Amino acid sequence: MTKEQVLDIFLRSDALLEGHFRLTSGRHSNRYVQCAQVLQYPAYTGQLAAFLAERVREAVGTPDLVVGPAMGGILVAYEVGRELGVRSIFTERENGAMTLRRSFAVKPGEKVVVCEDVVTTGGSVKEVMEVVRKAGGEVLAVASLIDRSNGVVDFGVPFQSALSMEVISWEPEECPLCKEGIPAIKPGSRT
Ligand SMILES: [Zn+2]
């Protein structure tokens, strides 16, 4: 699958919207990402996971398992795990702290790839990495469907993404789309 085909999947599933948006921060943007939209289509999710799994395999080889943070990371980790032929587990928050529950475990020495749907600051991924390392696992790489960190995030291990997109936003008074007279839409409300 090519980069263009990956982008096409995000656009066709409305996970990536192009237009003129008013973000919760109050800033305006020409793009809006809602990764859950693509995850509602198992076929698309599978194709993207296959793309991601191939890049992971090329970069660091095949891990022993993949781990993703709930909620968004669960489905990505599951599909990437299927592609790599390894087991897939997830972390979740308990009293605010990222943890493994349900008797999920990382065994000492196991090689792990951490999977996420969208990486922005990378906070959740870093918490999962910490959980894995405390259990004695080795984090080989991080894989995410979308990287919108604008190249800022550094996990200290190889980071693969299916789609890396720069998110440009403006203060409303500086927004070029407002200057063109295009109405701004609040994402989520399709008006
Ligand atoms: Zn605007």
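Trainee: Where does Met 71 lie?

Mentor: Met 71 sits in the loop between strand S3 (65-69) and H4. Helices (H or I, at least four residues) and strands (E, at least two) are DSSP runs, numbered from the N terminus. A detail to look for here is the peptide bond from Ala 70 to Met 71, which is cis, with omega near -5 degrees.

Trainee: What should I keep in mind about the model itself?

Mentor: This is a predicted model, in which local features need pLDDT of at least 70 and side-chain atom pairs count only at pLDDT 80 or more, while totals for chains, interfaces and linings use all residues. Residues are numbered from 1 along each chain as its sequence is written, and side-chain values use heavy atoms, with hydrogens and water left out.

Trainee: Which domain does UniProt place at residues 37-151?

Mentor: An unreviewed UniProt entry gives "domain: Phosphoribosyltransferase" there. UniProt positions are given in the numbering used here, feature names are shortened, and annotations may be inferred rather than shown by experiment. Over residues 37-151 the chain is 41% helix and 31% strand, with the end C-alpha atoms 24 Å apart.

Trainee: How do I read the packing of H3 and H4, and at what angle do they pack?

Mentor: Start with the axes: they are lines fitted to C-alpha atoms, for helices over the stretch in contact, and angles run from 0 to 180 degrees between N-to-C directions. Helix H3 (residues 42-60) and helix H4 (residues 72-84) pack at about 60 degrees, their axes 8 Å apart. Angles under 35 degrees count as roughly parallel, over 145 as roughly antiparallel, 65 to 115 as roughly perpendicular and the rest as oblique. H3 and H4 are therefore oblique to each other.

Trainee: Which residues of H3 and H4 make the contact?

Mentor: Contact means heavy atoms within 4.5 Å. On H3 the residues include Ala 49, Ala 53 and Val 56, and on H4 they include Val 76, Val 80 and Leu 84.

Trainee: How many disulfides does the structure hold?

Mentor: A disulfide is a covalent bond between the sulfur atoms of two cysteines. The test used is a pair of cysteine sulfur atoms within 2.5 Å, and the structure holds 0 disulfides. Cys 35 is in none, and the nearest cysteine sulfur, that of Cys 115, is 12 Å away.

Trainee: Is Cys 35 buried or exposed?

Mentor: Buried means under 20% relative accessible area, exposed over 50%, partly exposed in between (1.4 Å probe, protein chains only). Cys 35 counts as buried because its relative accessibility is 5%. Cys 115 is buried too, with a relative accessible area of 0%.

Trainee: Where does UniProt place the feature "binding site"?

Mentor: The unreviewed entry lists several residues, among them Asp 117, Val 118 and Ser 124. Asp 117 lies in strand S6 (residues 111-119) and counts as buried, at 15% relative accessibility. Setting aside neighbours within four places in sequence, Asp 117 is in contact with residues including Cys 35, Gly 72 and Val 76. Val 118, in strand S6, touches Cys 35, Ser 144, Ile 146 and Arg 148, again not counting residues up to four places away in sequence.
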